Amino acid sequence: MFIDPFVIRSINRSELRKRILLYLDEIYPSPTYLSEIARVVKSDPSNVKGALVGLGNRYNGHSSLVSLGLVEVVIEGGFKYYRLTEYGKQVVGLLRSYHSYYSKYT
């Protein structure tokens, strides 16, 4: 499957986006809520929301995980949950292989 280089560039520019993706990959296919993601990745919920869907001027919505198609929003019972998409799962697999490749040289 083709992975857009813009997606890889966007992910590599944000350590928080990477941590969120790796966590959602661990619990895949289960969705989880914003506060749970923030607690696990040890970040502020507003920063996590910015990484997931964008947040005004602080986080570019164009590079958010939902806009990139890596994470989907699931609404159940009036609550929003976030789940890794199949495309997001493939991107995480690529990131893991990159990491093992580049760690040889660090």
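Predicted model: local features only at pLDDT ≥ 70, side-chain atom pairs only at ≥ 80, totals over all residues.
I started with Glu72, which comes out partly exposed at a relative accessible area of 32%.

Next I looked for the partner of Glu72. Its side chain meets that of Arg83 in a salt bridge, 2.8 Å from N to O. I then checked where the two sit: Glu72 is in strand β1 (residues 71-76) and Arg83 in strand β2 (residues 79-84), so the bridge ties together parts eleven residues apart in sequence. Arg83 is partly exposed too, with a relative accessible area of 24%.

Which side chain does Lys89 meet in a salt bridge? I found Asp25, at 2.6 Å, N to O. Buried or exposed, I asked of Asp25? I got 12% relative accessible area, so Asp25 is buried, the cut-off being under 20%. Lys89, at 30% relative accessibility, is partly exposed.

I also looked for shared partners: salt bridges join Asp25, Lys89 and Arg96 into one network.

Last entry, helix α3. Arg39 forms a salt bridge with Glu36, and I read 2.7 Å between the closest N and O atoms. Both residues lie in helix α3 (residues 34-41), three residues apart, or about one turn of the helix. Their accessibilities I noted separately: Arg39 counts as exposed at 55%, whereas Glu36 counts as buried at 17%.

Definitions and conventions: Residues numbered from 1 in each chain as written. Heavy atoms only, no water. Salt bridge = Lys/Arg side-chain N within 4 Å of Asp/Glu carboxyl O. Buried < 20%, exposed > 50% of the residue type's maximum accessible area, 1.4 Å probe, protein only. Helix = DSSP H or I, 4+ residues; strand = E, 2+ residues; numbered from the N terminus.
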